[in-house]
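Subject: Handover of a structure and what was found in it

Dear colleague,

I am passing the structure below on to you, and my notes on it follow. Please read them with the model open beside you.

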Amino acid sequence: MRGVIFAILASFTWGLAPILFKLGLKAEVGNLFALMVHNFSAFLLASLLFFALGEPLKVGLRELVFISFGGMLSGFLGLFFYFEAVRHGKVSIVAPIASTSPLWSVLFAYVLLGESLNFQKLVGVLLIVLGITLLSLSKQ
């Protein structure tokens with residue numbers, strides 16, 4: 001249940017963030033500068049919480065490499081593309097399209113992690129993609 005609660009909180013947070021991005025990108029702010037500000041502010045908040053909570057530093061090199069590459073993909077490259085989409089498109093259209101990531105996560109989890117792929121997961125992913133498609137195709 002705890003995982004579901006945090007997933008809902010993440011969804012709410014990620015639903016609000018594009019609105020802030022769109023407002024911030026209205027000026028002639030370049031994507032690279034926006035990414036630096038985004039990631040630096042995230043780094044500051046994470047550092048503050050890390051030291052305030054006294055979280056132990058237990059990470060191996062392998063895990064550190066995977067987390068770093070994941071950060072480069074999501075925290076840099078994904079956001080770079082996303083900022084470009086938000087800058088040039090309507091948030092109500094580009095945010096749902098960008099939210100098709102569960103489709104890719106299920107596929108990559110099956111291929112790379114060996115997670116099971118059953119009928120319920122396939123139908124769930126199909127419904128998510130169908131809903132996102134309907135939102136994206138709707139007239140404003």
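This is a predicted model: local features need pLDDT of at least 70, side-chain atom pairs count only at pLDDT 80 or more; totals for chains, interfaces and linings use all residues.

Residues are numbered from 1 along each chain as its sequence is written, and side-chain values use heavy atoms, with hydrogens and water left out.

Pro102 lies in helix H5, helices being DSSP runs of H or I with at least four residues, numbered from the N terminus. Once its neighbours within four places in sequence are set aside, Pro102 is in contact (heavy atoms within 4.5 Å) with Val125 and Ile128. Gly124 is 22 residues from Pro102 in sequence, and the two are 9.7 Å apart in space, C-alpha to C-alpha.

The pockets come next. A pocket is found on a 1 Å grid over the protein atoms alone, as an open set of points where a 1.4 Å probe fits, with protein on both sides within 12 Å along at least five of seven lines, and its lining residues have an atom within 4 Å of a point; a volume is the space filled by probe spheres set on the points. The largest pocket has a volume of about 1,400 Å³. It is lined by 35 residues, and those closest to its centre are Trp14, Ser74, Ala98, Ser99 and Ser101. Two or more lining residues come from each of helix H1 (2-24), helix H2 (31-53), helix H3 (61-88), helix H4 (91-98) and helix H5 (101-112), and the largest share, 10 residues, is from H3. By class, this lining has 22 nonpolar, 13 polar and no charged residues, where Ala, Val, Leu, Ile, Met, Phe, Trp, Tyr, Cys and Pro count as nonpolar, Asp, Glu, Lys and Arg as charged, and the others, Gly among them, as polar.

The second largest pocket holds about 460 Å³ of space. Of its 15 lining residues, Ala42, Phe43, Ala46, Ile67 and Gly71 lie nearest its centre, and H2 and H3 each supply at least two residues of the lining.

Finally, the structure holds five aromatic pairs, which are rings of Phe, Tyr and Trp (its six-membered ring) with centres within 6.5 Å, called stacked if the planes are under 30 degrees apart, edge-to-face if over 60 and tilted otherwise. The rings of Phe21 and Tyr82 have centres 6.3 Å apart and planes at 80°, so this pair is edge-to-face; Phe21 in helix H1 and Tyr82 in helix H3 are 61 residues apart. Phe21 also forms an edge-to-face pair with Phe83, at 4.8 Å centre to centre and 70° between the planes. Phe21, Tyr82 and Phe83 form one aromatic cluster.

With best wishes
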